[in-house]
Amino acid sequence: MPTDAPPSGPTPITPAARTRWIWEVSLVLAISVGQSALYSVLSLIRASLRTTPIGQQQTQLNPAQDAEALWDAFYRLLSVGFALATVALVIYLLWEPGTNALRRIGLDFTRFGGDLGRGVALAAIIGIPGLGLYALARVTGFNVAVVASPIDSAWWAVPLLVLSAMRAGLTEEVIFIAYLFDRLRRIGWSWWTIILSTAALRGAYHAYQGLGAVLGNFVMGIVFGWCYKRWGRVMPLVIAHTLLDVVAFVGYPLAASLWPGVFAPAS
């Protein structure tokens, strides 16, 4: 295991320190992915209670922020910037005197070649079965239609979609994996308790897309959590997640035109 990998065992801490970590984790979740997960679950419950079947409903991942292109781009850039501020916050919380938090969680470029290879492999391992699971969930009516990007996207929208993909990769992997693994391990949780609980939180985070997305992201969370424990680096996970979302966001109009029954917006 690399020297910068997560600690192999929990370091003994005082009850006061454990209470501090619990409060910190609770507050971070309340302003970031935990809040989003709660709203997402409520969205799924609400969708289930509608008279329209879930399979005939839809949700948008990158809706336009304004009718005018210039202001739409401006608001989207602000949205990405504020989301990355949350990522910066948890990295700041992970920083300790005499240590480099980025190096400790493996969010640096010291091993970029290996990180890139692992990220591409992970994207293929997760993406191909995930696409099949989404198609199955759509056909069986367990997922809403996920409109990943506007059908009539202009060329200038592509860089913004790539930025949105990077935002998602950094937000989810740094918080779900790097931050929570560090803090929950310090509190005293076992590795598999952490992996399964963060995977469940990741599934809840995507519940607004339907039960298929909950299952798919839960499995993704287990795989990513196991990889982080083994490699001790979050960079491959960020790369894999970003690649998956770039393909989904940028390639969505083409997929919707080729397979409208599965990917096109619900009528």
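A salt bridge is taken here as a side-chain nitrogen of Lys or Arg within 4 Å of a carboxyl oxygen of Asp or Glu. The model is predicted, so that local features need pLDDT of at least 70 and side-chain atom pairs count only at pLDDT 80 or more, while totals for chains, interfaces and linings use all residues. Residues are numbered from 1 along each chain as its sequence is written, and side-chain values use heavy atoms, with hydrogens and water left out.

**Exercise 1.** Determine which parts of the chain the salt bridge between Arg 186 and Glu 96 links.

*Solution.* Step one is the contact itself, in which the side chains of Arg 186 and Glu 96 meet at 2.6 Å, N to O. Step two places the partners, 90 residues apart, with Arg 186 in helix H6 and Glu 96 in the loop between helix H3 (69-94) and helix H4 (101-105), helices being DSSP runs of H or I with at least four residues, numbered from the N terminus. Step three widens the view: both residues belong to a network of salt bridges that also links Arg 20, Glu 24, Arg 104, Asp 182 and Arg 183.

**Exercise 2.** Decide whether Arg 202 and Glu 173 are buried or exposed.

*Solution.* The closest N and O atoms of this salt bridge are 2.9 Å apart, and the pair joins helix H7 (residues 191-205), which holds Arg 202, to helix H6, which holds Glu 173, across 29 residues. By the rule that buried means under 20% relative accessible area, exposed over 50% and partly exposed in between (1.4 Å probe, protein chains only), Arg 202 and Glu 173 are both buried.

Definitions and conventions: Helices (H or I, at least four residues) and strands (E, at least two) are DSSP runs, numbered from the N terminus.
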